[in-house]
Amino acid sequence: MKIIMFGPPGVGKGTYSSRIAQKLGIVNISTGDIFREHLDRGTELGRRIESYMKKGKLVPDEIVANIMRRRLTQKDCEGGFILDGYPRTVTQAMALEDEKIDVIITLIVPDEILIAKCVARRICKDCGEIYNILNLDRTIEDVRYVVPSMSPQIEKKCDKCGGGLIQRIDDNPQMIKTRLEIYREQSKPVVKYYHGRIQFIEINMTGAVNLMVNVIMEKLTPILNKL
Ligand SMILES: [Zn+2]
């Protein structure tokens, strides 16, 4: 099964992609991971990626598309894959044309909740473990969102290593709003490109991770059975 996972920043795309990939026994692919791998290995591509990142520029579509195309020809992709947050542009989507994507999953959460969740995110300054101190229970347009907090056992201390918890500078309402606006602008043409050609499943992210993984799996099952 070949899946594209869409969703705004802060919705937990990475988490859901890896959990669903595990359940389906397919690989989870994110451009971020591939970039990091090239950077770590110091490949020619890695050096090119680095030069763009140093200038604070986005890596050009052709390079990203090339990397992805190459990645998708590797053996572990034969059984299927999930693309985590890719393609981001129509050019990237067109480069994927040869891959027969079965379904696009769109994770939906109101901005208000994304902002509240982002502001409540805490990260261990030593090991990078992520926590969320918000105990969410809110109803928006008749939909109730209940997501328990993921707080550390001892306040402001990492469960794993005892390190102090900090808030990322860009986890503030204004910067989150900007990130969401950029996401909307970017994703609109991509969604339009796929509209009517590939099946979309839209999931309202109303609950905790385990619950939502089950909801997604339930929606995927009939599609999986038809393959
Ligand atoms: Zn830690």
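## Structural report on a predicted model

The model is predicted: local features need pLDDT of at least 70, side-chain atom pairs count only at pLDDT 80 or more, and totals for chains, interfaces and linings use all residues. Residues are numbered from 1 along each chain as its sequence is written.

Aspartate 142 lies in the loop between strand S7 (136-140) and strand S8 (143-147). Helices (H or I, at least four residues) and strands (E, at least two) are DSSP runs, numbered from the N terminus. Most residues other than glycine have a negative phi, and most peptide bonds are trans.

| Residue | Phi | Location |
|---|---|---|
| Glycine 25 | about 65° | just after H1 |
| Glutamate 141 | near 45° | hairpin of S7 and S8 |
| Aspartate 142 | about 70° | loop between S7 and S8 |
| Lysine 156 | about 60° | loop between S8 and S9 |

The hairpin of S7 and S8 has two residues between the strands. S7 and S8 pair in the antiparallel sense over five bridges, where pairing requires that DSSP find at least two bridges between two strands. Aspartate 137 has valine 146 in S8 as its bridge partner. Lysine 156 counts as partly exposed, with 13 C-beta neighbours inside 10 Å. A further backbone feature is the cis peptide bond that joins tyrosine 86 and proline 87, with omega about 0°. Proline 87 is found in the loop between S3 and helix H5 (90-95).

### The parallel sheet

An open sheet is formed by five strands in the order S2-S3-S1-S4-S10, with parallel pairing. Strand S2 (27-30) and strand S10 (199-204) stand at the edges, each with a single partner strand, so one side of each has no neighbour in the sheet. From one strand to the next the twist averages 20°. Axes are lines fitted to C-alpha atoms, for helices over the stretch in contact, and angles run from 0 to 180 degrees between N-to-C directions.

S2 is joined to strand S3 (residues 81-84) by four bridges, and isoleucine 29 stands opposite leucine 83 in S3. Helix H8 (residues 209-226) packs on the sheet, where it touches strand S4 (103-108) and S10, and its direction makes about 160° with that of S10. Two residues are in contact if their C-beta atoms, placed from the backbone, lie within 7 Å.

Strand S1 (residues 2-6) is mostly covered, with four of its five residues buried. Four parallel bridges connect S1 to S3, and four connect S1 to S4. Methionine 5 stands opposite aspartate 84 in S3 and opposite isoleucine 105 in S4.

The twelve residues of helix H1 (residues 13-24) should span 16 Å at 1.5 Å a residue, and the end C-alpha atoms are 16 Å apart, which agrees; the expected span is 1.5 Å times one less than the number of residues. Tyr16, Ser17, Ile20 and Ala21 are the buried residues of H1. Seen down the axis of H1, these residues fall within an arc of 130°, so they line one face of the helix; the arc is that of the directions from the helix axis to the C-beta atoms. Their cover includes S1, S2, S3, S4 and H8.

The largest nonpolar core has 25 residues, and those with the most contacts inside it are Ile4, Met5, Tyr16, Ile82, Leu83, Ile105 and Leu107. Such a core is a set of buried Ala, Val, Leu, Ile, Met, Phe, Trp, Tyr and Cys residues joined through C-beta atoms within 7 Å. At least two residues of this core come from each of S1, H1, helix H4 (61-72), S3, S4, helix H6 (111-119) and H8. S1 gives the most, with four residues. Leaving aside neighbours within four places in sequence, leucine 107 is in contact with Gly7, Val11, Lys13, Tyr16, Ile203 and Met205.

### The antiparallel sheet

Three strands form an open sheet in the order S6-S5-S9, with antiparallel pairing. Strand S6 (130-132) and S9 are its edge strands, each pairing on one side only. Two bridges join strand S5 (residues 121-124) to S9, and isoleucine 123 stands opposite isoleucine 166 in S9.

Methods: A residue is buried if 20 or more other C-beta atoms lie within 10 Å of its own, exposed if 12 or fewer, and partly exposed in between; C-beta atoms are placed from the backbone.
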